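Biologist: Hello! Could you walk me through this one, step by step?

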Amino acid sequence: MKKATAIASSAILLGLLAAGCGNNNNADAPAASASVSAAPSAAASAAPASAAPAAEAQYKDGTYTAEGEMDAETGWKPKAEVTVTNGVVSAVKFTGVDKDGNDKQEYSKAGKYGMKEKNPKAQGEWHEEIAKAEEFYMANQSAAPAFDAEGKTDAISGVSISVGEYWTLVQKALEGAK
């Protein structure tokens, strides 16, 4: 009897400890300065949202974009494109733009970026990893993962690149949709 009580008590204690370890704090999310523009159409990549949470704000339908600052080291400026359908985010595209106007996803898909070649620790090519970040965003729109100071997260399986700035850019883009 004592053994069963000890096991049950341990299980309850572990459950309470696990529940208390959750962190929904986005204080470490990197900030992004952004320019926001809106266009009334065009679909971005990603699956449409199935239903909006009751507390989610309603947005005007259209496609909205926000861009961060050009990274002098990499030569890419991060860009988020958000599509709103029936008042909710239905698609999102995370990409980048270089000085020549190249789209980073397309550049990577064409084999020109070569992330795995440059970094053997990379879990995939850039376009493959950013697609996983887009999927995560669409599945968890109301809850951003925790990001470190570099904008990286362990919450998205298969993503080793910095993606935190894209969450900030989506919020900037959606300011134009209110």
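Biologist: What share of the contacts with a separation of 6 or more is made by residues 24 or more positions apart?

Modeller: Happy to start there, with a word on the model first. It is predicted, so local features need pLDDT of at least 70 and side-chain atom pairs count only at pLDDT 80 or more, while totals for chains, interfaces and linings use all residues. Residues are numbered from 1 along each chain as its sequence is written, and side-chain values use heavy atoms, leaving out hydrogens and water. Taking a contact as heavy atoms within 4.5 Å, the share from residues 24 or more positions apart, among contacts in the chain with a separation of 6 or more, is 59%.

Biologist: How many residues of strand β4 are buried?

Modeller: Buried means under 20% relative accessible area, exposed over 50%, and partly exposed in between, with a 1.4 Å probe and protein chains only. Across the 178 residues of the chain, buried ones make up 37%. Strand β4 (residues 88-98) is largely enclosed by the rest of the structure, because the buried count there is eleven of the eleven.

Biologist: Which residue in β4 is the bridge partner of W76?

Modeller: Strands pair if DSSP finds at least two bridges between them. Strand β3 (residues 76-85) pairs with β4 in the antiparallel sense over ten bridges. For W76, the partner in β4 is D98.

Biologist: Is N86 buried or exposed?

Modeller: β3 and β4 form a hairpin with two residues between them, and N86 sits in the turn. Its phi is near 55°, a positive value in a residue other than glycine. With a relative accessible area of 65%, N86 is exposed.

Biologist: What is the orientation of α4 to α5?

Modeller: Axes are lines fitted to C-alpha atoms, for helices over the stretch in contact, with angles from 0 to 180 degrees between N-to-C directions. The axes of α4 (residues 126-139) and α5 (residues 164-175) come within 12 Å and cross at roughly 55°. Angles under 35 degrees count as roughly parallel, over 145 as roughly antiparallel, 65 to 115 as roughly perpendicular and the rest as oblique, so α4 is to α5 oblique.

Technical notes
Helices (H or I, at least four residues) and strands (E, at least two) are DSSP runs, numbered from the N terminus.
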